[in-house]
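Hi there,

Here is the structure I promised to pass on. Have a look at it first, and my notes follow below.

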Amino acid sequence: MNSMRIIVAGGAGYIGSHVCVELVKAGCKALVIDNFVNSSPKALERISEIAGGDVELLEADLADPADTQRIIDAVKAFRPDGAVHLAGLKAVGESVAEPVMYYSVNLPATFTLVRALEEANARLIVFSSSATVYGALNENPIDEDGATGPTNPYGRTKLFIEEILKDLALADKRWKVCNLRYFNPVGAHPSGRIGEDPNGIPNNLFPFIAQVAVGRLPKLKVFGDDYPTRDGTGVRDYIHVVDLAAGHVAAIDYLSRKATPGAVAFNLGTGSGVSVLEAIGAFKRASNRDIPYEIAPRRDGDIAEFFANPSRANAELGWKATKSLADMCADHWRWQSGNPNGYRD
Ligand code: UFG
């Protein structure tokens, strides 16, 4: 691992910034490519501060043909060993309203990155996929051989990119690919210096709860309390973003040592489910703040329960989620309370 050179596409974002910290700590050199549409350059300063080493930056848009040559030149000059690919749009609801935008950003960004890596003669990629590729087709816990059937355009971009990378690895035996299927990433770096900074009103549970706790939003809506779960609310496999980031470093290490080429998918989750009411209770304890909520109708497209079987990643990557729900809440709260407006002053 030490001294590997890794491109981090989307490296200034929520997950990407945590991946950069873990890469620098592992002794890697990172070149972040980011267009800052949903991220801040401040994250990069803070990565250096936390990890004790700088990351390089190329501000460019992987999906914009006007930037392609500049990206290829910079990637070649960096002489990478491989890439972590987290660049793309990621809001489920927006993808339903603007499907063509989602396909015309997430797919071309991947093509440009692959092309740049090929020109740099680096055929190793760890892709930021999502458990959303499974849709609602499988029994819990979900393993990687489960059926795929995402229910929205965002999820379909994740599945299509997985398939494209698989085809690439079949066609050219020099390619090694990991498709990492994240469950629900939450929390923040324990330093409180980097974390999730959503644009506008958050769609996801943890950033919403955190903004209620800090007083930025008045009240949480719990989407449905009549699901067939232990307390009637939706159950998800929340994973601490630092554990998730460590999974990327483990995946790069695994690919770099792997003798056989090809594409492999790994679930990154804890393997256990937490309900919405349990998450609210844990956040309340961690923050010592009141979290007003009301029960609201079910949200369209939600499913009752969704959690991983992470045993393939545990066995083959030698990786395991180690942080508890209390850690996720305490760290999320430290970030939110120390940075009530995210990276904005
Ligand atoms: N929830 C609420 N109120 C809210 C927000 C969420 O009750 O204001 C509930 C949801 O109904 C669900 C749970 O909290 O039961 C988690 O919802 P999130 O929106 O945080 O997460 P999802 O599981 O819906 O989706 C997330 C990511 C997707 C990803 C998917 C993969 O947002 O990008 O996990 O499983 F694709």
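Which residues of H11 are buried? They are Met328, Cys329, Asp331, His332, Trp333, Trp335 and Gln336, where buried means under 20% relative accessible area, exposed over 50% and partly exposed in between (1.4 Å probe, protein chains only).

Before going on, some ground rules. This is a predicted model, in which local features need pLDDT of at least 70 and side-chain atom pairs count only at pLDDT 80 or more, while totals for chains, interfaces and linings use all residues. Residues are numbered from 1 along each chain as its sequence is written, and side-chain values use heavy atoms, with hydrogens and water left out.

Helices and strands are DSSP runs numbered from the N terminus (helices H or I, at least four residues; strands E, at least two). The buried residues of H11 pack against helices H2 (42–51), H7 (205–213) and H9 (276–287), and against strands E7 (184–186) and E10 (238–240); contact here means heavy atoms within 4.5 Å. The 14 residues of H11 (residues 325–338) should span 20 Å at 1.5 Å a residue, and the end C-alpha atoms are 20 Å apart, which agrees. That expected span is 1.5 Å times one less than the number of residues.

Helix H8 (residues 241–257) has 13 of its 17 residues buried, so it is largely enclosed by the rest of the structure.

Now the ligand. It is surrounded by 18 residues, the closest being Asn204, Leu205, Lys221, Arg236 and Asp302; a residue counts if one of its heavy atoms lies within 4 Å. Strand E8 (residues 220–223) gives the most to this shell, with 4 residues.

The polar contacts (pairs of N or O atoms within 3.5 Å) include these:
- Asparagine 204 has a side-chain N or O atom 2.6 Å from a ligand oxygen.
- Lysine 221 places a backbone N or O atom 2.7 Å from a ligand nitrogen.
- Asparagine 184 has a polar side-chain atom 3.0 Å from a ligand oxygen.

On its own the ligand has 680 Å² of accessible area, of which the protein covers 89% (Shrake-Rupley method, 1.4 Å probe).

Histidine 18, in helix H1 (residues 14–25), is buried at a relative accessible area of 1%. Beyond its neighbours within four places in sequence, histidine 18 touches Ala188, His189, Ile194, Gly195, Val241, Val242 and Ala245. Alanine 313 sits in helix H10 (residues 311–317) and counts as buried, at 0% relative accessibility.

Best wishes

Methods:
A polar contact is a pair of N or O atoms within 3.5 Å; within protein, one must be able to donate a hydrogen and the other to accept it, and residues adjacent in sequence count only if both atoms are side-chain atoms.
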